[in-house]
Amino acid sequence: MSRYFTEDHEWIDVDGDVGTVGISDYAQGQLGDIVFVDVPEEGKQLAKGDEAAVVESVKAASDVYSPVSGTVIEGNPALTDDPSLVNSDPEAEGWFFKLSLKDAGELDGLMDEAAYEAFVAKL
Amino acid sequence: MSDHDDDDVIIETLALPLDGWHRARGGRMVEFAGYWMPVQYEGIMAEHLWTRESAGLFDVSHMGQLSITSDEAATDVVAALEALMPADIAGLARNRARYSLLLDAGGGILDDLMLTRPALADGESERVYMVVNSATKYDDVAHMIEHLPDAITINLMEDHALLALQGPKAVDALARLVPGVEAMVFMQAGGFAWQGHDLWISRSGYTGEDGFEISVPAEAAEALADALVAQPEVKPIGLGARDSLRLEAGLPLYGHDLTPETTPVMADLGFALFKRRREQGGFPGAERILAERASGPVSKRVGLLVEGRQPVREGASVVDAEGSEVGRVTSGGFAPSVGAPIAMAYVPAAMAVPGTRIQLAQRGKVHAATVTAMPFVPHRYFRGA
């Protein structure tokens, strides 16, 4: 399984043709206390860069974009009851949605973990 | 991911006396009204709840502190200020604070403010101390210079910091450092001394809790802030929690819930229209405001309890059954002490009755909400033992 990051602070874990998407630890730290997450429904078609989810902190609402194109398999139901999972475990239990990838070639433009760390260090 | 809000254009962001103090304590600094200000320390939610149960120290040095005096005893400072706002200043006792509104000729709100008539020092004929909003302070001063007699001097006290200590244990913490403050009641003020520095302290605030606002010479601000956070009850709190606390307290925020497009009656601030002033008129926009007060405003500021978990924020529309916009949300967010999203909005008078169910539209989604009496969290001001 491989993990990739976007410049908009989403991560995607890829296992076969299934991707799991969330936001990075850096992103949750910037947002602060998460009070609401709106995740996409099963079957929704997403193009790379589409607004896929909304995450709301006490202060502000932010869009989460799909790192790649695909069809949503499921949104994380745990975030409905406990949106603070995004704060406490952003890169595991706090995942947003899973999708089946349309074109694995789209992953080529994304950063690996080391590249993302270097990217964040410059912000 | 990206924020929906666009950043304002930054011209020159200024540092206030406690800038280094905030940074040393891990405050996350953001540009606000032209200054670097701490938006949060450990997190807005925790800071908000700490203030409600203990005491929070807020740096509000960005606000404008004005000392208004007259160069000649014959010039009536009080009468001159009463011509610009609807407060009964003449009837205000010494060392008592009052909320008021700077109004334009049409009755629109230019700013909201707190004013006090301090006990006079030897040789003073009159003095009014005023705290106005940060983003409007230079406009306020310009407006007053234009409309007040030449003999009146307005001193913008930029050599002073302003701290707010808010919460049910604020009195315990402050009285340990400045004995005597515990004897004041809500909206009372007075001069005190701390380690040789003059402090001007009022028992007031912007959170709905008991608490104090402390004007301190800039050179003593760090030492006083240190002494306050050394008290076990006190933690530093950022602007983020200040906003969520004031929203729960039902207190409007200038530039958002109050603007030149709103009048005191529309804003549901009728308490700021004092009886003598209503009877005598003579404040800006009196004709319109008194007519509005008699017949009811077209639209009115109300509180909203929003269903579900998703916050509905400033800029969202209030929509009727056909989906047409009939009002606007002016403040909104998640309320930590309520445990749900709340908002303030301007709605048509017919919708302004508590219990009215309304619909809000935000980014293509409709949210149900109920008009509710404010505050959302009861005020706990100290009005006497």
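## Salt bridges and their setting

A network of salt bridges links B:Arg52, B:Glu209, B:Glu248 and B:Arg380. The structure is a predicted model, and every value in this report is computed from it. Over all chains, the count comes to 25 salt bridges.

| A:Arg3 | A:Asp13 | 2.7 Å |

In chain A, a salt bridge joins A:Arg3 to A:Asp13. This pair links distant parts of the chain, with A:Arg3 in strand β1 of chain A and A:Asp13 in strand β2 of chain A, 10 residues apart. Both A:Arg3 and A:Asp13 are buried.

B:Lys235 counts as partly exposed because its relative accessibility is 28%.

The pair B:Asp243 and B:Arg246 has another setting. These two residues are three residues apart in helix α7 (residues 239-248) of chain B, and are therefore separated by about one helical turn. With a relative accessibility of 24%, B:Asp243 counts as partly exposed. B:Arg246, in contrast, is buried, with a relative accessible area of 1%.

## A buried threonine in chain B

B:Thr51 is located in helix α2 (residues 44-53) of chain B. Its relative accessible area is 0%, so B:Thr51 is buried. Leaving aside residues up to four places away in sequence, B:Thr51 touches B:Gly56, B:Phe58, B:Gln166, B:Gly167, B:Pro168, B:Glu209, B:Ile237 and B:Leu245.

## Strands of chain B

Strand β8 (residues 127-132) of chain B is largely enclosed by the rest of the structure, because five of its six residues are buried. Strand β5 (residues 64-70) of chain B runs antiparallel to β8(B) and is joined to it by six bridges. Within this pairing, B:Ile68 has B:Val128 as its bridge partner in β8(B). Strand β7 (residues 109-116) of chain B also pairs with β8(B), again in the antiparallel sense, over four bridges. Here B:Met114 stands opposite B:Val131 in β8(B).

## The sheet of chain A

In chain A, six strands form an open sheet with antiparallel pairing, in the order β1-β2-β3-β9-β8-β5. Its edge strands are β1 (2-5) and β5 (45-46) of chain A, each of which pairs on one side only. Strand β2 (residues 10-15) of chain A is joined to strand β3 (residues 18-23) of chain A by six bridges, and the two run antiparallel. A:Asp13 has A:Thr20 as its bridge partner in β3(A). A:Asp13 is also the residue that forms a salt bridge with A:Arg3.

## Where the two chains meet

Chain A and chain B bury about 1900 Å² between them, and 50% of this area is on carbon and sulfur atoms. On the side of chain A, the residues that lose the most area to chain B are A:Val35, A:Val58 and A:Lys59, which together account for 29% of what that side buries. In terms of contacts, 24 residues of chain A meet 20 residues of chain B.

Three salt bridges are found across this interface. On chain A, the elements α1 (25-31), β4 (34-38), β6 (51-57) and β7 (61-65) each supply at least two residues of the side that touches chain B. The largest share, five residues, comes from β7(A). By type, the residues of this side divide into 12 nonpolar, five polar and seven charged.

Notes
Residues are numbered from 1 along each chain as its sequence is written. Chains are lettered from A and ligands numbered from 1 in the order in which they are written. This is a predicted model: local features need pLDDT of at least 70, side-chain atom pairs count only at pLDDT 80 or more; totals for chains, interfaces and linings use all residues. Side-chain values use heavy atoms; hydrogens and water are left out. Buried means under 20% relative accessible area, exposed over 50%, partly exposed in between (1.4 Å probe, protein chains only). Contact means heavy atoms within 4.5 Å. Two strands pair if DSSP finds at least two bridges between them. Buried area is the accessible area (1.4 Å probe) that two parts lose on being put together, summed over both. A salt bridge is a side-chain nitrogen of Lys or Arg within 4 Å of a carboxyl oxygen of Asp or Glu. Ala, Val, Leu, Ile, Met, Phe, Trp, Tyr, Cys and Pro count as nonpolar, Asp, Glu, Lys and Arg as charged, and the others, Gly among them, as polar.
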